[in-house]
Amino acid sequence: MAKFPNCHWTLFFFFFFVCLDHLILAQYQQDSQPQPSTEHSIQVRLSGDKRKHNEGRAEVYYNNQWGTICDDDFSIHSANVFCRQLGYVEAVSWFPGSKYGKGEGPIWLDNLYCTGRESSIAQCTSNGWGVSDCKHTEDVSVLCSEKRIPGFRFEDPLLNQIELLEGKLECGLWETLNRRMGYPSQREKPEV
């Protein structure tokens with residue numbers, strides 16, 4: 001039986017370079033992938049025309065301004081995360097193409113990708129805050145189930161427009177809500 005003295009070194013270098021190649025490729029792929037946002041405490045809401053409480057255009061409050069989410073790469077997984085962030089158990093469906101009307105302001109998120117296990121839309125990957133090639137004709141809309149998460153509480157109920165006091169919306173709260181949402185006060189309306 002013949003001996004091949006350099007065989008061990010040849011195998012060693014072969015496996016070394018194969019492993020090195022895989023490490024470099026994995027690092028390149030990781031660097032080129034969109035990264036999740038580090039902003040975890042954003043607020044979300046459903047908005048738009050002719051809708052029920054559990055459906056509407058998906059909007060995000062970021063950098064002191066409400067904006068929308070583009071429908072590019074959006075999925076039922078993203079819709080589930082969005083609905084859970086609003087206190088609903090899950091999403092029933094989602095709709096591309098501004099079903100509930102075109103939003104206003106910035107399109108905060110584009111190419112949003114969620115696995116469905118995130119607790120906030122901010123934990124999903126995207127192009128980055130405000131980085132979008134979309135128009136408001138591509139605003140995504142969501143239909144959440146009517147079933148609520150037991151014991152769910154919003155971080156800031158005024159931003160999510162659901163602060164009701166025993167079924168009554170008090171005037172002071174209404175004025176505060178309007179100011180926080182960027183709507184003019186009823187008192188500031190010019191008389192016609």
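Buried here means under 20% relative accessible area. By that cut-off, Cys83 and Cys144 are both buried. This is a predicted model. Mean pLDDT for the protein chain is 75, and 58% of the residues reach 70 or more. The chain has three disulfides, and one of them ties helix H2 to strand E6.

**Confidence**

- The pLDDT falls below 50 over residues 28-39, a stretch with 15 contacts beyond near neighbours in sequence.
- Residues 185-192 also have pLDDT below 50, with five contacts beyond near neighbours in sequence.
- Where pLDDT is low, the predicted coordinates should not be read in detail.

**Helix H2**

- H2 spans residues 76-85, and seven of its ten residues are buried, so the helix is largely enclosed by the rest of the structure.
- The buried residues are Ser78, Ala79, Asn80, Val81, Phe82, Cys83 and Gln85.
- Their cover includes strands E1 (43-47), E2 (55-62), E3 (65-69), E4 (91-95) and E6 (141-144).
- At the start of H2, a side-chain oxygen of Ser75 comes within 3.2 Å of the backbone nitrogen of His77.
- Gly87 follows H2, and its phi is positive, near 95 degrees.

**Disulfide Cys83-Cys144**

- The S to S distance is 2.0 Å.
- The torsion about the S-S bond is about -85 degrees, so this disulfide is left-handed.
- Cys83 sits in helix H2 and Cys144 in strand E6, 61 residues apart; the pair links distant parts of the chain.

**Disulfide Cys70-Cys134**

- The sulfur atoms of Cys70 and Cys134 lie 1.9 Å apart.
- Their S-S torsion is about -70 degrees, so this disulfide is left-handed.
- Cys70 is in the loop between E3 and H2, while Cys134 is in the loop between E5 (107-109) and E6. The two are 64 residues apart, and their bond links distant parts of the chain.
- Cys70 and Cys134 are both buried.

**Disulfide Cys114-Cys124**

- The sulfur atoms of Cys114 and Cys124 are 2.0 Å apart.
- The S-S torsion is about 105 degrees, so this disulfide is right-handed.
- Cys114 and Cys124 each lie in the loop between E5 and E6, so the bond ties together parts that are ten residues apart in sequence.
- Cys114 has a relative accessible area of 0%, so it is buried.
- Cys124 has a relative accessible area of 2%, so it is buried too.

- With bonded cysteines counted along the chain, the disulfides follow the pattern 1-5, 2-6, 3-4.

Methods: Residues are numbered from 1 along each chain as its sequence is written. This is a predicted model: local features need pLDDT of at least 70, side-chain atom pairs count only at pLDDT 80 or more; totals for chains, interfaces and linings use all residues. Side-chain values use heavy atoms; hydrogens and water are left out. Buried means under 20% relative accessible area, exposed over 50%, partly exposed in between (1.4 Å probe, protein chains only). Helices (H or I, at least four residues) and strands (E, at least two) are DSSP runs, numbered from the N terminus. Contact means heavy atoms within 4.5 Å. A polar contact is a pair of N or O atoms within 3.5 Å; within protein, one must be able to donate a hydrogen and the other to accept it, and residues adjacent in sequence count only if both atoms are side-chain atoms. pLDDT is the predictor's confidence in each residue, from 0 to 100. A disulfide is a pair of cysteine sulfur atoms within 2.5 Å.
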